[in-house]
Amino acid sequence: MGIIAWILIGLLAGLIAKAITPGRDPGGCLITMLIGIVGGLLGGWLGKVIFGVDSINGFFHLSTWIAAVVGSVIVLLVYRLIAGHRRT
């Protein structure tokens, strides 16, 4: 899969990650989209590094979406830690 596909998946994965992680987010819709894109790319990269798969399977495969959502959740939690400490 190409970088464009991971960006599209990341946009949706960011929304899913925001919906499944409890708590308030310090960012709005734009931040969620950026977190999703970064998380989708991170998930794709982790899939290659950890599981040795070549760019996951494809846009409509479950493993691709799981990798993107997991990556987005990781990035969202890190963002909350960083942005949460800046506010106080």
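Me: Is L42 buried, exposed or something in between, and why?
Reply: L42 counts as partly exposed because its relative accessible area is 24%. Buried means under 20% relative accessible area, exposed over 50%, and partly exposed in between, with a 1.4 Å probe and protein chains only.

Me: What kind of model are we looking at?
Reply: A predicted one: local features need pLDDT of at least 70, side-chain atom pairs count only at pLDDT 80 or more, and totals for chains, interfaces and linings use all residues. Residues are numbered from 1 along each chain as its sequence is written, and side-chain values use heavy atoms, with hydrogens and water left out.

Me: OK, back to L42. Where is it, and what is it in contact with?
Reply: L42 sits in helix α2. Setting aside neighbours within four places in sequence, its contacts are G71, I74 and V75. Contact here means heavy atoms within 4.5 Å. There's also a C-alpha to C-alpha distance of 9.7 Å between L42 and V69, which are 27 residues apart in sequence.

Me: What's the overall fold made of?
Reply: Three helices and zero strands, running α-α-α from the N terminus on. Helices (H or I, at least four residues) and strands (E, at least two) are DSSP runs, numbered from the N terminus.

Me: How much of the protein is buried, and how much surface is there?
Reply: Of the 88 residues, 39% count as buried. The accessible surface is about 5,400 Å², and 75% of that belongs to carbon and sulfur atoms. Those areas come from the Shrake-Rupley method with a 1.4 Å probe, and for residues only the protein chains shown count as cover.

Me: And what share of the contacts is between residues 24 or more positions apart?
Reply: 79%, taken over the contacts with a separation of 6 or more.

Me: Tell me about α2. How many residues, and what span?
Reply: α2 covers residues 29–51. It has 23 residues and reaches 31 Å from first C-alpha to last, close to the 33 Å expected at 1.5 Å a residue. The expected span is 1.5 Å times one less than the number of residues.

Me: Which of its residues are buried?
Reply: T32, I35, G36, I37, G39, G40, G43, G44 and G47.

Me: Why does G36 count as buried, and what is it in contact with?
Reply: G36 is buried because its relative accessibility is 0%. Beyond neighbours within four places in sequence, G36 is in contact with G10, L11, G14 and S72.

Me: What about the leucines, L30 and L34? Buried or exposed?
Reply: L30, also in α2, is exposed, with a relative accessible area of 56%. L34 is partly exposed at 45% relative accessibility. For distances, C-alpha to C-alpha, L30 is 9.9 Å from L11, and L34 is 9.3 Å from I7.

Me: What follows α2?
Reply: G52, whose phi is positive, near 70°.

Me: Switching topic: which residues make the largest nonpolar core?
Reply: Nine residues: W6, I9, A13, A17, W65, A67, A68, V69 and V73. A nonpolar core is a set of buried Ala, Val, Leu, Ile, Met, Phe, Trp, Tyr and Cys residues joined through side-chain atoms within 4.5 Å.

Me: Pick A17. What is it in contact with?
Reply: Leaving out neighbours within four places in sequence, A17 is in contact with V69, S72, V73 and L76.

Me: Which residues make the nonpolar surface patch?
Reply: L62, I66, V70, I74, V78, L81 and I82, for about 640 Å². Patches take residues with over 30% relative accessible area and no salt bridge, joining like charges within 9 Å and nonpolar side chains (Val, Leu, Ile, Met, Phe, Trp, Tyr) within 5 Å. A salt bridge is a side-chain nitrogen of Lys or Arg within 4 Å of a carboxyl oxygen of Asp or Glu.

Me: Where does V70 sit, and how accessible is it?
Reply: V70 is in helix α3, residues 62–87, and counts as partly exposed because its relative accessibility is 44%.
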